[in-house]
Amino acid sequence: EKTMLAESSDDNYIRNITDDGWEELGRDISNNTHLETVALCSGALDDQKLSCFFRGLTESSSIKNMHLYDNGLSVAAVRSMVPFLQNANSLNKLTVSHNNLQSGGLNLLFRTLRNSPIETLSCNNCGIESIDIDIDSIPQNLKALNLSGNRISADGYRGMVKLLQGENSTLATLRLNNNDIDDQGVEILVDALQS
């Protein structure tokens, strides 16, 4: 049987949780051995609440899916997630779409998830303009990446080439719709895919 925690800001008790309460919830989830999905979306969190939550939630052996979309989160939120992301040995899917992570947040996620089991990462509509990936920072198990609805520049596509051509790249699905890719971006991607 699957166990899931799913809430949004429409639920009154979510809005009334104190910072200490978020930290305690994170600790309780860290100690849980059967929770597989955490979905805190649509304004349930902000950077401060997320920081408190991940002060408590530093590891998990059971969480496979984490959905934190549409919370207005920034790169500061990603920084607070780092210990958990490095110690979540079952995490297969992370959705942080419709936040304000920008390029710095995506780049930090890539560095953090390098040795994780993550297979699907969704960062659509996050204000990403560039991608600065060190070849050694590509998540080793990443199969699907959604970067739709961002504003990725030609330089960003040059950085993306590392994802497509990396020797150990496992990426099978890359979503880039609604990025207003210009001719130069298309040329960069075509060259990368043909090489």
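1. The model is predicted: local features need pLDDT of at least 70 and side-chain atom pairs count only at pLDDT 80 or more, whereas totals for chains, interfaces and linings use all residues. Residues are numbered from 1 along each chain as its sequence is written, and side-chain values use heavy atoms, with hydrogens and water left out.

2. G185, I188, L189 and A192 of α7 are buried (under 20% relative accessible area; exposed is over 50% and partly exposed in between, with a 1.4 Å probe and protein chains only). These residues cover an arc of only 90° around the axis, so they lie on the same side of α7 (the arc is that of the directions from the helix axis to the C-beta atoms). The buried residues of α7 pack against α6 (154–165), while D183, E187 and Q194 are exposed on the other side.

3. N179 lies in the loop between β7 (173–175) and α7 (183–194) and counts as buried because its relative accessibility is 3%. A polar atom of the N179 side chain is 2.9 Å from the backbone oxygen of L147.

4. The count of disulfides (pairs of cysteine sulfur atoms within 2.5 Å) is zero. The sulfur of C41 is too far for a bond, because the closest cysteine sulfur, in C126, is 12 Å away. C126 is likewise in no disulfide, with the nearest cysteine sulfur, that of C123, 5.2 Å away.

Key. Helices (H or I, at least four residues) and strands (E, at least two) are DSSP runs, numbered from the N terminus. A polar contact is a pair of N or O atoms within 3.5 Å; within protein, one must be able to donate a hydrogen and the other to accept it, and residues adjacent in sequence count only if both atoms are side-chain atoms. Contact means heavy atoms within 4.5 Å.
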